[in-house]
Amino acid sequence: MQARQRGSLWRRWDVHLHSPGTMREDRFGSWEEYIAAIEADTEIAALGITDYLSVKNYAYARELKDAGRLQNVALIFPNIEFRITPATRHGKGINLHLLVSPDDPDHVTQIEEALGQLSFEYTTEKKFYCTEASLIALGRALTDKQTDATAALKEGVNQFKVEFRQFRDWYRSQPWLSRNALIALDAGQQDGAAGLQHDDGFRAVREELYSFADVIFSPRPKDRLFWLGKSHGPDALKRLGGPKPCLHGCDAHSMDRLLKPDEGRHCWIKADPTFEGLRQVIFEPEERVWIGESPPDLHDRSRTLQSVTVLNSKGWFEEVELPLNPGLVSIIGKKGMGKSALNELIAFAGRDWTDEPGSFISRARASLRGTKVVLNWCDGSTSITEITAKGTSEGTKQVRYLSQKFVERLCAHPTGDSDLVREIEAIVFNHLPPSETLNASNFADLRDKRTATTRKEKARLISEIKKLHREIDEGFKKQLSLPNRLARRQDLNQAIAALLKQMPSLESPAEEEAAQRLGQEQKALSEAVALQANFKDKLLQIELVQQKIKTFQTEMNRFSFDLLEDLRSIGVPDADLDSFVPCFPGDVTTPITQRFQHFNRRIAELEGDESEPAPGTIRFRWQRVTEMRDRVMADQAKQKRYVEINQSISDIHQEIHRMDAEIESIKGPELTKLNTMRDRRRAVYVEYFEALKLEQKALAELYRPLQQQFAGHEEEKKVQFHIQWHVDIDAWIERGMNLFDQRKARPYSSIEQMKEAAQTHLLSGWLGSTADSIKSGLDNFLEPFPQQGEAIQSILRSNYSVADFFDWIYSVDHISLAYGLSYQGTALENLSPGTKGIVLLMLYLAMDSKDNRPLLIDQPDENLDNDSIYSLLANYFRRAKERRQILLITHNPNLVVNTDAEQIVVAECVKDDRGTPRFTYLSGAIEDTRSEGARETACLILEGGGTAFMRRERRYALKRADIWSDLRNHAAPKESDSA
């Protein structure tokens, strides 16, 4: 393969071109006029010269080309047209064509010998053959008076209509012709297969006709969709020999129509202008044929390389421009021949090369310093990059390079899973429309933005649970203090009784009366002091309320500042911002100040004036008590003792009064508050799981484009985004078991018992079940535990509290969302390196549709098996190459042959005596079957290359052999389908 060709390109063909002298009412004029008109067409690349039952006119056209004419046409080949029966509903024979290869130097003789074996019976006594002399004889046999040979030939050609099965048997009996010809069937209504009656009487013949044909002559879009399996599905074609290409020619019979098909429906074929190139359309009917005014051009010219040249390499690289095809360019060669070198140089010049250890540029950099890589783009622009002593080229990345090291690191290295996930996320992010990226710079940033609300809500709920734990702990402590308080109250009553027994006896009614009055005054004094203490406690409560208001106002101000900034960023006018500022609806200072003043005033009123206390005040009553003490007893010693005991009893009464208030509060408001907080804690706990569900939904939205992209393809449906609730139940159990005193009996005596109970009662709630399931699960799990805080404390270690116990019960640290990709139900991290490679390439080729830069891939098949490549990846390469250029280094023939590579580049290297390499790159099309052509070279270099070619061609043959097997209710296009 000495040619540096671009490989398979779109070229215009006319496979059905009549010529002067064709046995029809043709109005071409002279051959000179005809040839000159063709030579004036600068786009035409290949012509099928049509003859009826002959190659006479084709042979003459070939003589002209061999003599130097038609140099603008690379290929001419015979198109032999036959009329066969049964007739169409319009009474015409069905047009059947033989497109014959001109590669054999003796092909004209071979064709004529084969035609001489095809016979037509006019009477039972005589046969006529498909030769000029016999056709003239047939014409004269039909008209006895016919003496003109040309007229007789025309009549003979018109009458020579053999039955289809006879034609098929003749064709199959001609080995040379069968190997070197393609069968084309006209699909039209007048003289094509669609003209047969669509009833059961001709159904079998019609199906046999279609299955016999290699190609269909039709420019109609509906026919093309049908024969590609697009309109009725591929199963509809199984009885008809499988998908077939639709070809077209101008079928002109006059000069004004020459090379000008109706509606500008030219026939474009992506192949070398050779007969082998034409044969490729059988294997790739959709990818290699286009009917239209111009060929399809889906590549961005500014992002498609036209060629690459390496300059000033000190002899390492041949300074010759290497043309590159749009679509798929397969770079092959033996080890050490410079395959990776070519891709690396392009990646370096395209600004996507990274300095990886062991890479070609890293190893050869010192020798390549000053080398220039010239990239020519299809839009006419050129970029030149020089290799320097160190560093990488800077600027916008013009290509996407997947080096072998990069793929291996992502897929084969045991620590590469996080990198692989990030790479996949980058592909998903690049696929998102700009409106969905929320101005994020990468997937992680977008994920943070999408989940910010739920993450904040989760943090708030966790904070609230912890706050509730602290408050509940205080409430539990108060409840735990109730028995001590009741015992203390009983002790105080006993103390009063004991003091009363020690009270000195009263000697007279006057002392008794004085003692009674003293007791009343002391009781009133105690009540006033208690009331004053209550007012002072209210002042402390007011200080707490004021502090709460101040704290809340600070939080509101912070919230308002952030909210107003957000509102301005979304364009809310300043005039409307006041409505969003949270505030107390009224005056919150005056009522509290009034209460503060009220209690201060009441405290002062109860205290009384120091110089002249008013009746009923504490000072007044204290004076009264002091005066009455002196009147109780005359005996000073007894009086002193009486006063002391009486004062002690008064103090105890004050403590009992305070204790009663505390006991009443603990039994009433405090217990109600505790139960309310416990209910609130459970509600907040449930809310946390609802927030997790919202986060799960937000994450699922991020991967929605991936699911939508893959929804239409059976294999791609196996790639799924999975998000599941991950519960580390062992960590939760271990944390809980550490709380308990192992020496004491407890509800779950072993880790196994506790784990079983948690799995039975709690796990479904932890995995996102209903709120009722979460609540009932907690109740069932906690049922064996003591219900009182004191009893719970008794089974805990001394350094842990009841709050620690409930911190553990209501913890959520062990619950998280595990998300990512799975393939065939297996999470990405659990896949083999080869399967990871499949998923990665599927995503790059199918998902990354927004990136139309050239994709450079270095040996992705290292960890992949042949079946995976053949059944999975080949289709992805075939689809991706339609929109972006792919430069693929491979050792696998299936990635060359079954992807229908548009170009094969063969890398070769020769070293001189000093070991200095010289790299050369030769290229051509996959259909190049010359002795040193692309196919021959691929078969020699790639192990199994010949098998891959045969496998592809057998794929077509198997379809033809299977035409009677599957569906029985599908037929070829009906009349409406061919309209």
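Student: Which residue lies over the face of Tyr-876?

Tutor: Arg-879 does, at 5.0 Å from the ring centre. Bear in mind that this is a predicted model.

Student: How many helices and strands does the protein have?

Tutor: There are 31 helices and 25 strands. The protein has 979 residues, of which 49% count as buried. Among contacts with a separation of 6 or more, residues 24 or more positions apart account for 73%.

Student: What pLDDT does the protein average, and where does pLDDT stay under 50?

Tutor: The general idea is that where pLDDT is low, the predicted coordinates should not be read in detail. Here the average is 84, and 90% of the residues score at least 70. Over residues 955–979, pLDDT stays under 50. The model has 65 contacts beyond four places in sequence for residues 955–979.

Student: Let us turn to ring pairs. How many aromatic pairs does a search of the whole structure find?

Tutor: It finds 41. The rings of Phe-317 and Tyr-921 have centres 6.5 Å apart and planes at 10 degrees, so this pair is stacked. In general, a pair of aromatic rings is described by the distance of the centres and the angle of the planes.

Student: Where in the chain are Phe-317 and Tyr-921?

Tutor: Phe-317 is in the loop between strand S13 (305–311) and strand S14 (322–323), while Tyr-921 is in strand S25 (residues 917–924). The two are 604 residues apart, and the pair links distant parts of the chain.

Student: Is Phe-317 buried or exposed? And is Tyr-921 buried or exposed?

Tutor: Buried means under 20% relative accessible area. Phe-317 has 3%, so Phe-317 is buried. Tyr-921 has 8% and therefore also counts as buried.

Student: What about Val-320: where is its place?

Tutor: Val-320 is in the loop between S13 and S14. Its relative accessible area is 31%, so Val-320 is partly exposed. Val-320 and Tyr-921 are 601 residues apart in sequence, yet their C-alpha atoms are 9.0 Å apart in space.

Student: Now a polar side chain. With which side chains does His-16 make a polar contact?

Tutor: The side chain of His-16 makes a polar contact with the side chain of Thr-50 at 2.9 Å. A further polar contact, at 3.4 Å, is with the side chain of Asn-79. His-16 is found in strand S1 (residues 10–17), and at 6% relative accessibility His-16 counts as buried.

Student: Which residues does His-16 touch, not counting those up to four places away in sequence?

Tutor: They include Gly-48, Glu-81, His-97, Phe-217 and Cys-250. Thr-50 and Asn-79 are also among them.

Student: And where does Arg-746 lie?

Tutor: Arg-746 lies in the loop between helix H21 (729–737) and helix H22 (751–761). Its relative accessibility is 15%, so Arg-746 counts as buried.

Student: What polar partners does the side chain of Arg-746 have?

Tutor: A polar contact of 2.7 Å joins it to the side chain of Gln-742. Leaving aside neighbours within four places in sequence, Arg-746 is in contact with Met-737, Phe-740 and Asp-741.

Student: How many residues along the chain separate Arg-746 and Pro-784?

Tutor: They are 38 residues apart along the chain, and 8.6 Å separates their C-alpha atoms.

Methods
Residues are numbered from 1 along each chain as its sequence is written. This is a predicted model: local features need pLDDT of at least 70, side-chain atom pairs count only at pLDDT 80 or more; totals for chains, interfaces and linings use all residues. Side-chain values use heavy atoms; hydrogens and water are left out. Rings of Phe, Tyr and Trp (its six-membered ring) pair if their centres lie within 6.5 Å; planes under 30 degrees apart count as stacked, over 60 as edge-to-face and the rest as tilted. Helices (H or I, at least four residues) and strands (E, at least two) are DSSP runs, numbered from the N terminus. Buried means under 20% relative accessible area, exposed over 50%, partly exposed in between (1.4 Å probe, protein chains only). A charge sits over a ring if NZ of Lys or CZ of Arg is within 6 Å of the ring centre and within 35 degrees of the ring normal. pLDDT is the predictor's confidence in each residue, from 0 to 100. Contact means heavy atoms within 4.5 Å. A polar contact is a pair of N or O atoms within 3.5 Å; within protein, one must be able to donate a hydrogen and the other to accept it, and residues adjacent in sequence count only if both atoms are side-chain atoms.
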